[in-house]
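Work through the exercises below with the sequence and the model open beside you. Try each task before you read its solution.

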Amino acid sequence: MRVLLDEDIDIHFRKHFPGGLTVETVEYRGWKGLKNGALLRVAQNHFDVLVTLDNNIPNQQPLQQFDIAVVVLRPSRSRLKELLELIPEIRRILEGIRPGRVERVFPPG
């Protein structure tokens with residue numbers, strides 16, 4: 001599975017994903033600054049999932065029209081420490097996510 005981390009996520013977070021996944025960042029790809037619709041259009045040709053902190057993407061974009069899934073992270077704070085708490089739930093979600101779907105991940109508890 002190919003995962004793209006949006007520009008709002010700490011780039012070091014990519015190192016903490018489970019093995020077997022290809023994880024890249026928007027910044028590494030040179031896509032920083034692309035608006036959500038443009039980002040989804042270009043990303044769907046290279047990735048299976050976009051991981052973001054932007055809770056508005058599902059409201060702004062018709063995700064069912066894209067060949068990419070979106071995982072919206074909702075940590076208590078957007079620091080790396082709080083993002084790492086979400087890894088077990090992200091792993092579970094990635095096992096069954098399908099293109100055009102959105103899943104939200106909240107802190108445990």
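**Exercise 1.** Which residue in E4 is the bridge partner of Val51?

*Solution.* This is a predicted model, in which local features need pLDDT of at least 70, side-chain atom pairs count only at pLDDT 80 or more, and totals for chains, interfaces and linings use all residues. Residues are numbered from 1 along each chain as its sequence is written, and side-chain values use heavy atoms, with hydrogens and water left out. Begin with the strands, which are DSSP runs of E with at least two residues, numbered from the N terminus. Strand E3 covers residues 49-52 and runs parallel to E4, to which four bridges join it; strands count as paired if DSSP finds at least two bridges between them. Within this pairing, the partner of Val51 is Val71.

**Exercise 2.** Find the strand that E4 pairs with over residues 102-105, and name the partner of Leu73 there.

*Solution.* The strand is E5, which pairs with E4 in the parallel sense over four bridges. Looking along E5, one finds that Leu73 has Val105 as its bridge partner.

**Exercise 3.** Decide whether the residues of E4 are buried or exposed.

*Solution.* Take buried as under 20% relative accessible area, exposed as over 50% and partly exposed as in between, with a 1.4 Å probe and protein chains only. By this rule five of the five residues of E4 (residues 69-73) are buried. Sorted by face, Ala69, Val71 and Leu73 lie on one side, while Val70 and Val72 lie on the other, and both faces are covered. In the protein chain, buried residues make up 43% of the 109 residues.
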